[in-house]
Amino acid sequence: MLSLLAAGETCEAILNDYRYLEREDFGEALRYAAFLAEDIAVDLFRPSKRSEIR
């Protein structure tokens with residue numbers, strides 16, 4: 001559902017194509033995606049001062 005929205009589909013078009021969905025499902029999907037996004041930790045590489053000098 002979120003991929004379709006990100007690709008430019010409208011809520012109405014998605015609801016027409018997937019009759020088992022309800023308008024409230026969009027809010028639930030967004031809340032779930034936000035929950036997952038908060039739970040992800042990413043370690044970023046930070047070069048040490050010594051490797052920057054080279």
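Visitor: What share of the residues in the chain is buried?

Guide: A residue is called buried under 20% relative accessible area, exposed over 50%, and partly exposed in between, with a 1.4 Å probe and protein chains only. In this chain of 54 residues, 9% are buried. The model is predicted, and local features need pLDDT of at least 70, side-chain atom pairs count only at pLDDT 80 or more, while totals for chains, interfaces and linings use all residues. Residues are numbered from 1 along each chain as its sequence is written, and side-chain values use heavy atoms, with hydrogens and water left out.

Visitor: What does the accessible surface of the chain come to?

Guide: Accessible areas come from the Shrake-Rupley method with a 1.4 Å probe, and for residues only the protein chains shown count as cover. Here the chain has about 5,200 Å² of accessible surface, and carbon and sulfur atoms hold 54% of it.

Visitor: How many helices and strands does the chain have?

Guide: Helices (H or I, at least four residues) and strands (E, at least two) are DSSP runs, numbered from the N terminus. The chain has four helices and zero strands, in the order α-α-α-α from the N terminus.

Visitor: How many salt bridges are there?

Guide: Side chains of opposite charge can pair when their charged atoms come close. A salt bridge requires a side-chain nitrogen of Lys or Arg within 4 Å of a carboxyl oxygen of Asp or Glu. By this rule there are two salt bridges. One of them joins the side chains of Glu12 and Arg23, at 3.3 Å from N to O. This pair links distant parts of the chain, 11 residues apart: Glu12 belongs to helix H2 (residues 11–17), and Arg23 to the loop between H2 and helix H3 (24–38).

Visitor: Why does Glu28 count as partly exposed?

Guide: Glu28 counts as partly exposed because its relative accessibility is 47%. Arg31, at 51%, counts as exposed. In the other pair, Glu12 is partly exposed at 45%, and Arg23 is partly exposed at 46%.
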